Structure formats: C-alpha cells, structure tokens
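Visitor: Before we start, I would like to go through the labels one by one and ask what each of them rests on.
Guide: Then let us look at the model together and set each label against its criterion.

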Number of protein chains: 2
Amino acid sequence: MSRSELVARTGLTRSAIGALIGELARVGLVVERRAISDGSPGRPSPVASVVADQNVAIAVEVLVDCVGVAAIGLGGTVLYSTRLDRPRGRVSVDETIHDIVAGVTQVKGKLSPSCRILGVGVGVVGLVRRPDNSVPIAPNLGWHDVAFGDQLRLALGGTDVVALANDADVAALAEVRRGAAVGVDDVVCIWGEVGVGGGLVSRGEMITGAAGFAGEVGHMPVNPDGRLCQCGSIGCWETEIGEGALLRLTGRPNPSMVVLGGLFGRAHPFIAGQLNDEIARRALHSSMANLRVVPSRLGMDAVLMGAAELAFEAVLSDPLATLREVEARRTG
Amino acid sequence: MSRSELVARTGLTRSAIGALIGELARVGLVVERRAISDGSPGRPSPVASVVADQNVAIAVEVLVDCVGVAAIGLGGTVLYSTRLDRPRGRVSVDETIHDIVAGVTQVKGKLSPSCRILGVGVGVVGLVRRPDNSVPIAPNLGWHDVAFGDQLRLALGGTDVVALANDADVAALAEVRRGAAVGVDDVVCIWGEVGVGGGLVSRGEMITGAAGFAGEVGHMPVNPDGRLCQCGSIGCWETEIGEGALLRLTGRPNPSMVVLGGLFGRAHPFIAGQLNDEIARRALHSSMANLRVVPSRLGMDAVLMGAAELAFEAVLSDPLATLREVEARRTG
DNA sequence: CGGGTTTGTCCGGGGGGTGGACAAACCGCA
DNA sequence: TGCGGTTTGTCCACCCCCCGGACAAACCCG
C-alpha cells in the first residue's frame, strides 16, 4: 500500500504517516520500495509493505484428529506448515504437547536464522479462559481444567509468548481479518467438524464472554425434549444437529453475516437455496433478510490463520513495545 | 469523590486531574466543595461532585401500557418523573408521540430555567436500528418501519438530540451502570412484562448487533415443535414462556451475571432456589456455576434510568464538545 | 524545458499528558 | 504557639504525537 493511500485511509497527515512508516521500517517490520509510476501526474508515492518472512508467528491448531503447526508471516502469508494426523485416542494433554513441540521444532528449523518469532498462537477444540490461557473443559479431547497455555509455553522453552483461544473463535477472527467476512463488523462463524463450534465477532472484535464461553453454539439448547448431551445439558445443538438446527440459529437476530466452515462450509453449495428461503421466512424483519450466509474462504487454513492473528495482536496494537519485549525474552 | 481518589482510580497525575476537574468546573458540569478533614494527616483533598440539577437528560420509556417521561440529572438522580397509563389500543405512532410531547412539556416546566438539557434518551418496546434511530419492527405496538427517532425529535422542536434504543437494552445499561450489575463486565438482562426482552453487555459496552437485534432473546427459538409466534418464527421463547425456558437460557454459556427484571424480577424470590439448582446442573463447567442470577435493583425505574444513560453517553465521552453542540443547538 | 500536479520532508506549534519543585493545609507533639 | 511529618494542590519545564503550512522533489503533459 502506498503512503498516499495510507494518508487517505487513516485520515492522518503526510507528516504523521512518514514518521510512523519510518519508525516501523527502522525496526524491520516494514520496507519501502521505490514508487512505480502509474502514469498519473504528480510525484509517485513509495509503496510500503510488511516484511512477512522476517516477522512470523508460530500458529498451532489442536483438533480432535490432528495437530497442525505453521509459520505464518505478518500479514497472513503461510511460510511453512505441517500437520500431524493422529489416531483417535491420542488426545491426552501430554501427547498433544509432545506433538506440538515436535511440529514447532520442525517448522522453526525451516525458518532463516534472522527471522523473528513474534509469538505462538494456539486454536484449540475446547473452551478457553483467556485471562490465564487455561482450558476449563474440552469435551472432544476429554480435558478438564488444564493449564494448557502455561504448560505449552514451558514445553517450548519459555521464550515465546503463547496466546490461546477456542478454535472456532480464531477461525472467526481469521475470516473477518482475511477471509469471507473482510470489512463486515458483526459476524457469527459456525464451524462443524467433529463437534459444532461457533465464534462471535461484534464491531470487529472477538467476543468471548466472561468465562470464554460465548459463541459456544454447539451447546445452545434447541430442543427441550432432546437427547442428553455429554456437556450435561439436554437437547444441545451439537446432539440435535440432524434436525435442521442450523436454520434455527441463522434465524436468531444477531449478525450481518454468517460464515460456515468445516463440514458446513463444504455442504454450503448443496444447502444454500433452502437456507436462504428459510432465512427469508424466519427473519424478524426485512433488514434481517439481507443476512448473508457464506462459506468459509480460508477453509482448512482458517484456524491456523486465526491462531497467527491471535499471536500478532500484541505487535499490531503496540509494535515497538512488543518488539522490545520479544527481543528481551530472546536474549534472556 | 475527592481529587486524590480520582488520582488513585485513574492513574493520572495530580496535575492532570487538577486540569481536567478545573475545565469541567469551568463549564458547570462539576463543582468542588472545600475538603472536610477526615482526621488523617496531610492536606485534605477537595471533593468534586457532579452538578446534577443543572445538567439533565429527558428520559422517555415507551412501553405497551404506559409512556413514562422523567428529568434525570447527570449521575442518575431522578429530578422529576411522570407516567401516562394508556388503554390497550392507544399505541399508534402518532398517539405515542403526542403523549411523549405532553409528558416532556410537563417535565420541562418543572425544571429551573437555568437548567441545561443534554439530550433526550428513549427506551422503546421494539427493535431499534441505532444508526438512524428507526424502529424496524415493534410487534407489541404494531409498528413497522417507523422513523421514530426523527419524528420525535421534530415533534419536540428539533433542538434536542434524541437517542433511541430497545427498552431491555437500556435497562441492561442502567443495571450495569447504577444497578445490580455495577462493576460486572459481561451481563445479560432478561426483562419480562408483556413480551420478553433481553439486553447484552459485554466488557461494559452494549452489544446490539448489526441490525440492533442482538439480545432479542424473546424471539430465540427454543422449541422446534412449538407454536407459531407473531414474529413469523416457530417456538420462540416469548411464546413458549410457560415451559421453563428461562432455565434453558441461563444454561447458555455467556454472561457472568444475569439480571432479571419486570415479572421475572418480582418472581425471583420464589424461583431462586430452583434456578440455582438448575444452573449448577446445566453449567458446562464449574466456572459457570459461579454465574449469579440476581433480581433487578432499579426495578420500574431501570428503563428510564437507562434512557437517561443513553442520552448522557455523548457528554461522558466528550464533555466539552458536546456542551458546545448543545449550546449551539439551543441558540439556533 | 517549463507549468501543473501530487507527494515527501522539514519545521513551528499546540494539546494533553508526565514528573519534579514548591507551597498549602492538615495531624500530632512539645 | 511553634515545629516536624504527611498529604495534597499548583506551577512549570518537558515530552510525545499529531497538525498544518512552506518548500522541494518527482512525475505528467505540451
């Protein structure tokens, strides 16, 4: 993006943009290439771009049947990724951490030595309490009250900051930042693979609720006469999924876009027509009939991309301070 | 609150607090009283307090069976209020606006001439689209696509800024700011009178969703085999209320506190025991069993208080600019 | 090669905060 | 009444970040 474009988008002055870009370039987050003349009159504006291959996040996804690890450059370019399928049953905390450490070691080996690691982001199939990076419960993994973030951080050597979140939450984040919902403020993501997960984004920010449980649509009760769910409740969506509960959810008055991922994303072409009919019928009002239901654009990569986004959050909000901290942690 | 207390709470320096308080005092939002010595050593700190009776909001609530109007001072003190009961059927837009104008005229007459009106806040039983202050649909009033905010503003003379929101949303706001949920970040309010309304607050801010429909729990589908609701959906909570749906809702993994108002608030003493048992049984995890369900503290006043809070929002976020604008609108 | 246009850079200025020095207002004690 | 000890308000120099104008640089076109 050229400097003049930045001026137009941010509303800041040329002076301010110049100073900011200069500072970011000084610490190696950004490079400026000489402007290429586009034929229009006036002095051409130099193009600033992110140094993606020197500023990366380690992204981790912990699903039921696989563990994925990737190095993702600032801006969302996947530099290298690996995936370890694992037989059902190999889901204990220790085994999972072991597999992650192996994947991270492999991925780090592929990176150039000059490359900076800005953080480790993890998306996990389970409920996550953000303040302490712990997993109170992950039904599909059989985990209860695990200090997963801390354990992983130590297992990785303790030099990198680890940020943990629910897999559907980070997938939603990825779709909003770089996927099907770019520019949309209020989004619900429905992620269905083994279980049913959901992520909420309101006004561009992730909503997790007090205990990190918001958006856990899989355990929203939809049928009072339904079957007992493993979460202890009755008639959860996750257990009643055969009954067309997806349609009921989209009938709820919240988002301006619903992104479907996983199984639902792949099924989208076959159910889109019926879905839209149902939305039109159930919408409380015509302004809700504009609700768009779209398939995920990032597909399988969404969770890893979102995990990276999670790790980048600190750099984006305060680049200089975060880089200082990263450097401090690296040297000891 | 004393200046030294402000320094401790905000983390700002004494200089900054002094300058800010001085400026607010200069424009008449705040007065400083000489400090009263409390016996402890050291120079006593002057106490700053809000000039509530000279800086008021006109708060309006539009319910099914009544229209309420109040003058509420900055900080939440009710200076004067009036309520107009109305027979069922007198709910048209024109009649409602007529009743409000009458109420506002009466309330304004009771205020001293020196008193500043900072804005008009309205809580209405219906869905509200925030950007344009319109009401897409209000089933219990029979309204469809009404530019209610604009109509009311013009009917009131056009000199005051009018802010509109859903009644349950503003009630939630009031409970968080000055009621049962002070200091709690993530709150769901359930308001049941004629219909069932809900307000969401996450991280201290009102969540309305893209179309202003978030938190409309009354129309959340809870029974796939239920009755047809007037909103066009099937098995809405509002229509299935007899089936214990409240318990199901509190089983949903979102807030750290649920505030019950209206009918539910009055019923709270009788159902508290059963409610807590059910929460403990349905909670996904023990951290959710800490969920507190409490009755509204503000009761009947919650909607009016919240409407005032809505009107005060601009002054609180940028006092000087808002006061300049208020003055500009008043003089022409 | 010279005007028109768009842009980067330099520089003075202002708003809003920090932080230290100093004075003011209280306490307790002699 | 006077004197330290303590807490606080006030003044002032300073810094950071941004604005906005003046100027130069780099492009177009004729």
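Visitor: What makes S6(B) and strand S10 (residues 162–166) of chain B count as paired, and in which sense do they pair?
Guide: This is a predicted model, and in it S6(B) and S10(B) are joined over 5 bridges in the parallel sense. Since two strands pair if at least two bridges are found between them, the label therefore applies. Within this pairing, B:Val124 stands opposite B:Asn166 in S10(B).

Visitor: Which strand is joined to S6(B) by 8 bridges?
Guide: That is strand S3 (residues 55–62) of chain B, and the two run parallel. Here B:Glu61 has B:Gly123 of S6(B) opposite.

Visitor: What is the strand order in the open sheet of 3 strands in chain B, and which strands are its edges?
Guide: The order is S7-S8-S9, with antiparallel pairing. Strand S7 (127–129) and strand S9 (143–146) of chain B are the edge strands, as each pairs on one side only. From one strand to the next, the twist averages 20°.

Visitor: How do you know that strand S8 (residues 134–138) of chain B and S9(B) pair?
Guide: They share 3 bridges in the antiparallel sense, and the criterion asks for at least two, so the pair qualifies. One of the facing positions is B:Ala138, which stands opposite B:Trp143 in S9(B).

Visitor: Why are H3(B) and H4(B) called oblique to each other?
Guide: The axes of helix H3 (residues 93–110) and helix H4 (residues 148–155) of chain B cross at roughly 45° and come within 10 Å. Angles under 35 degrees would count as roughly parallel and those from 65 to 115 as roughly perpendicular, and the helices are therefore oblique to each other. Their crossing is right-handed. Among the residues that meet there are B:Ile97, B:Ile100 and B:Val101 in H3(B), and B:Phe148 and B:Leu152 in H4(B).

Visitor: What makes H5(A) roughly perpendicular to H9(A)?
Guide: Helix H5 (residues 167–178) and helix H9 (residues 302–317) of chain A pack at an angle of about 75°, with their axes 7 Å apart. That makes H5(A) roughly perpendicular to H9(A), because the label covers 65 to 115 degrees. The residues that meet include A:Val170, A:Ala174 and A:Arg178 in H5(A), and A:Met305, A:Leu310 and A:Glu313 in H9(A).

Visitor: Why does A:Ser2 count as buried?
Guide: Its relative accessibility is 12%, and buried means under 20%, so A:Ser2 falls within that class. A:Ser2 lies in the segment before helix H1 (3–10) of chain A. Leaving aside its neighbours within four places in sequence, A:Ser2 is in contact with A:Ser45, A:Pro46 and A:Val47.

Technical notes
Residues are numbered from 1 along each chain as its sequence is written. Chains are lettered from A and ligands numbered from 1 in the order in which they are written. This is a predicted model: local features need pLDDT of at least 70, side-chain atom pairs count only at pLDDT 80 or more; totals for chains, interfaces and linings use all residues. Side-chain values use heavy atoms; hydrogens and water are left out. Helices (H or I, at least four residues) and strands (E, at least two) are DSSP runs, numbered from the N terminus. Buried means under 20% relative accessible area, exposed over 50%, partly exposed in between (1.4 Å probe, protein chains only). Contact means heavy atoms within 4.5 Å. Axes are lines fitted to C-alpha atoms, for helices over the stretch in contact, and angles run from 0 to 180 degrees between N-to-C directions. Angles under 35 degrees count as roughly parallel, over 145 as roughly antiparallel, 65 to 115 as roughly perpendicular and the rest as oblique. A crossing is left-handed if the near helix is turned anticlockwise from the far one by less than a right angle, and right-handed if clockwise.
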